[in-house]
Amino acid sequence: MKIQTMKNYLLLFTSLLALSCSNTQQFREIASNGFVSGIEAKVMMGSESAIKVFKEMDKAWAARDYNLLKTFVAENATMKFADGEVTTGPDQFVEQIKNEVIEVQEKGNEFKWTTDYAFALALTEGEGDWVNAQFTSTHTNPDSELSAEVFYESYHIINGKVHEWNQFKREALK
């Protein structure tokens, strides 16, 4: 019994000694690839929380819940539309969307889309995540030259708010 107890103490002591001698400041290698010109930061996968914000914003936008949509946009956010229009803050952003709804409907199309994908990227230095997403808006007007418009968007989300948004568009002919 004494020998077994002594072996247990010796095993515990040896384990503690081994742990205390190991490098306690282990640095986790951040999986990254890509680059951004002019800075040392690297690109890595972003957070699920940014995707959650994106999904909630997309849902509000699709429902045209403009009051809710405004809550996702920072007061000084720069929002760049595919047509070259640039707005600042939630109020201007929503006003531009309202104008686009009217324009789409006047062309005989429905203002709706399918969200094709979204993923978040982040930098190893700096704030927030960049959500990149693609949407397809199928034209419903039979007289339209286009079958669809494909939108590519990036959302810089910091603490649950979009601080910068960029939109690009590709037109798909019939």
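How many aromatic pairs does the count come to? Twelve, in what is a predicted model. Let's walk through a couple of them, then visit a strand.

**Stop 1: helix H2.** Select residues 48-62. The end C-alpha atoms of this helix sit 21 Å apart, which agrees with the 21 Å that its 15 residues should span at 1.5 Å a residue. Now color the buried side chains: Ala50, Ile51, Val53, Phe54, Met57, Asp58, Ala60 and Trp61.

**Stop 2: Trp61 and its ring partners.** Keep Trp61 on screen; its relative accessibility is 6%, so it counts as buried. Trp165 belongs to strand E7 (residues 161-173), so the pair ties helix H2 to a part 104 residues away in sequence. Trp165 is buried too.

Back to those twelve pairs. Another has Trp61 with Phe93: centres 5.4 Å apart and planes at 80°, so call it edge-to-face. That one links distant parts of the chain, since Phe93 is in helix H4 (residues 89-106), 32 residues from Trp61. Phe93 has 0% relative accessibility, so it counts as buried.

Stop 3: Show Phe54, Trp61, Phe81, Phe93, Phe111, Trp113, Phe135, Tyr155 and Trp165 together: they form one aromatic cluster.

**Stop 4: Ser154.** Finish in strand E6 (residues 146-158), where you'll find Ser154. At 11% relative accessibility, this serine counts as buried. Leaving aside residues up to four places away in sequence, Ser154 touches Trp130, Val131, Asn132, Glu164, Trp165 and Asn166.

Note on methods: Residues are numbered from 1 along each chain as its sequence is written. This is a predicted model: local features need pLDDT of at least 70, side-chain atom pairs count only at pLDDT 80 or more; totals for chains, interfaces and linings use all residues. Side-chain values use heavy atoms; hydrogens and water are left out. Helices (H or I, at least four residues) and strands (E, at least two) are DSSP runs, numbered from the N terminus. The expected span of a helix is 1.5 Å times one less than its number of residues. Buried means under 20% relative accessible area, exposed over 50%, partly exposed in between (1.4 Å probe, protein chains only). Contact means heavy atoms within 4.5 Å. Rings of Phe, Tyr and Trp (its six-membered ring) pair if their centres lie within 6.5 Å; planes under 30 degrees apart count as stacked, over 60 as edge-to-face and the rest as tilted.
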